[in-house]
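Good morning, colleagues. I would ask you to keep the sequence and the model in view while I speak.

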Amino acid sequence: MKWFGKKTPPDLSGRLTHIAFIMDGNGRWAKHRGLPREAGHAAGAKNLRKILTACRDRNIHMVTVYAFSTENWRRPAHEVEEIMRLLSDYLDEILRDREKNRFRVRILGDLTPLSEELVWKIGDVEEQTAQYEGFTLNIALNYGGRQEILSAVNRLLASGVQEVDEATFSAALYTGGMPDPDLIVRTSGETRVSNFLLWQAAYAEYAFVKTPWPSFSVRELDAIIEDYLKRNRRYGGL
């Protein structure tokens with residue numbers, strides 16, 4: 001299957017529903033160019049728009065991006081502030097262009113440490129885009145897979161549940177009601193899962209590429225998809 005350079009992208013309906021990205025390498029991209037780390041995050045945010053468009057063009061119905069982990073608070077305060085500012089600006093853009101773009105946005109993570117203004121904006125964007133079908137963008141913000149699992153366990157215990165099956169537990173996660181990711185892509189050469197979608201990724205395929213996120217291209221996305229379509233997902237069977 002070769003579609004590189006062609007004007008019409010492949011239709012992946014039914015074969016690749018949900019793709020997730022660990023958007024790694026913004027800081028290293030900036031350092032390599034003699035720029036502050038904040039410039040790398042700005043470039044990464046710009047590239048996200050391009051990759052989302054490519055995913056929609058290929059009839060991928062859901063994209064989840066790892067925007068900020070529970071561990072990222074350890075970074076310098078000015079860098080954290082810039083990431084939050086970029087997110088706030090992006091939410092403004094989504095809200096402004098929602099009728100044109102018509103996709104749903106959901107935020108996955110613990111919002112309690114965030115500013116009141118950002119939490120309000122998140123709620124507004126989720127409410128204003130909830131009506132749109134066909135494509136969903138999940139933004140993992142102050143997200144950690146272990147923290148998500150513990151939160152789900154505590155909510156179930158508090159509800160008085162005595163026994164839990166997979167369906168009940170999955171419904172208690174931030175991703176309740178969503179399909180699990182088919183494919184998880186990590187950029188910038190690292191080969192760790194970094195506490196991302198630990199429960200949901202039980203049968204996901206992984207792709208690790210050396211390119212930092214701001215330089216990750218649609219061509220590389222297509223190469224990963226092409227490789228993914230050659231894989232035999234047996235889910236433990238033969």
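I shall begin with helix H3 and its buried side. The residues of H3 that are buried are Glu79, Val80, Glu82, Ile83, Met84, Leu86, Leu87, Ser88, Tyr90, Leu91, Ile94 and Leu95. Please bear in mind that this is a predicted model. H3 runs from residue 77 to residue 96 and has 20 residues. From its first C-alpha to its last it reaches 29 Å, close to the 28 Å expected at 1.5 Å a residue.

E2 and E4 pair in the parallel sense over seven bridges, and Val63 stands opposite Leu137 of E4. E3 and E4 also pair in the parallel sense, over five bridges, and here Leu137 in E4 is the bridge partner of Val105.

Is Glu148 buried or exposed? With a relative accessible area of 1%, and the limit for burial being under 20%, Glu148 is buried. Leaving aside residues up to four places away in sequence, Glu148 touches Tyr143, Leu173, Tyr174, Thr175 and Gln200. Tyr174 deserves a separate word. Glu148 and Tyr174 are 26 residues apart along the chain, and their C-alpha atoms are separated by 7.0 Å. A polar atom of the Glu148 side chain lies 3.0 Å from the backbone nitrogen of Tyr174.

Finally, I come to the chain as a whole. Its secondary structure comes to eight helices and six strands, in the order β-α-α-β-α-α-β-α-β-α-α-β-β-α along the sequence. The radius of gyration is 18 Å, close to the 18 Å that the globule rule gives for 238 residues, so the chain is as compact as a globular protein of that length. Along its principal axes the C-alpha trace spans about 55 × 50 × 35 Å. Of the 238 residues, 47% count as buried. Among contacts with a separation of 6 or more, 78% are between residues 24 or more positions apart.

Terms used: Residues are numbered from 1 along each chain as its sequence is written. This is a predicted model: local features need pLDDT of at least 70, side-chain atom pairs count only at pLDDT 80 or more; totals for chains, interfaces and linings use all residues. Side-chain values use heavy atoms; hydrogens and water are left out. Helices (H or I, at least four residues) and strands (E, at least two) are DSSP runs, numbered from the N terminus. The expected span of a helix is 1.5 Å times one less than its number of residues. Buried means under 20% relative accessible area, exposed over 50%, partly exposed in between (1.4 Å probe, protein chains only). Two strands pair if DSSP finds at least two bridges between them. Contact means heavy atoms within 4.5 Å. A polar contact is a pair of N or O atoms within 3.5 Å; within protein, one must be able to donate a hydrogen and the other to accept it, and residues adjacent in sequence count only if both atoms are side-chain atoms. The radius of gyration is taken over C-alpha atoms; the globule rule is 2.2 Å times the number of residues to the power 0.38.
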